[in-house]
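I set out to record what I looked up in this structure. The entries follow in the order in which I made them.

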Amino acid sequence: MTTAKARPASFFTSPDDIRAGSVVYDQDGAMVGMVRGVAQVTVTLERPTGLIWSVPYSRLRPGTERETRQLQALAKLQRVRRRGLA
């Protein structure tokens with residue numbers, strides 16, 4: 001059974017709804033990322049691996065709690081890798 005919190009929210013209706021630092025899901029890339037910036041209708045995203053890409057805001061939706069935890073776990077793994085422990 002899925003709770004309301006676990007269900008993805010709808011797509012953004014305006015680029016003004018998107019803030020830097022927010023976790024979002026890119027439908028085109030099928031990836032979770034953190035918003036680096038918004039320029040008109042294009043949003044620049046980043047993953048902890050250093051991957052940076054841009055996508056139209058209309059292809060994004062807010063990240064779920066699970067997706068936020070997924071991104072945090074990836075960031076933790078990247079920190080460990082940089083220290084040479086993994």
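**Burial and basis**

I began with burial: of the 86 residues in the protein chain, 29% are buried (under 20% relative accessible area; exposed means over 50%, partly exposed in between, with a 1.4 Å probe and protein chains only). I note that this is a predicted model, in which local features need pLDDT of at least 70 and side-chain atom pairs count only at pLDDT 80 or more, while totals for chains, interfaces and linings use all residues. Residues are numbered from 1 along each chain as its sequence is written, and side-chain values use heavy atoms, with hydrogens and water left out.

**Confidence**

I looked up pLDDT, the predictor's confidence in each residue, from 0 to 100. The protein chain averages 88, and 86% of the residues score at least 70.

**Elements**

From the N terminus on, their order is β-β-β-β-β-α.

**Salt bridges**

Which side chains pair by charge? I applied the rule of a Lys or Arg side-chain nitrogen within 4 Å of a carboxyl oxygen of Asp or Glu, and the count came to three salt bridges.

I recorded Arg-59 with Asp-28, whose closest N and O atoms are 2.8 Å apart. This pair links distant parts of the chain, 31 residues apart: Arg-59 lies in the loop between β4 (52-56) and β5 (60-62), and Asp-28 in the loop between β1 and β2. Arg-59 is partly exposed because its relative accessible area is 31%; Asp-28, at 49%, also counts as partly exposed.

I next recorded Glu-46 with Arg-36, with closest N and O atoms 3.7 Å apart. Glu-46 is in strand β3 and Arg-36 in strand β2, 10 residues apart.

I then recorded Glu-67 with Arg-61, at 2.8 Å from N to O. Is Glu-67 buried or exposed? Glu-67 has a relative accessible area of 10%, so it is buried; Arg-61, at 8%, counts as buried too.

**Positive phi**

I checked the backbone against the rule that most residues other than glycine have a negative phi. Ala-30 has a positive phi near 55° and sits in the loop between β1 (23-26) and β2 (31-39). Gln-40 has a positive phi near 60° and is placed in the loop between β2 and β3. Gln-40 is exposed, because its relative accessible area is 73%.

Note on methods. Helix = DSSP H or I, 4+ residues; strand = E, 2+ residues; numbered from the N terminus.
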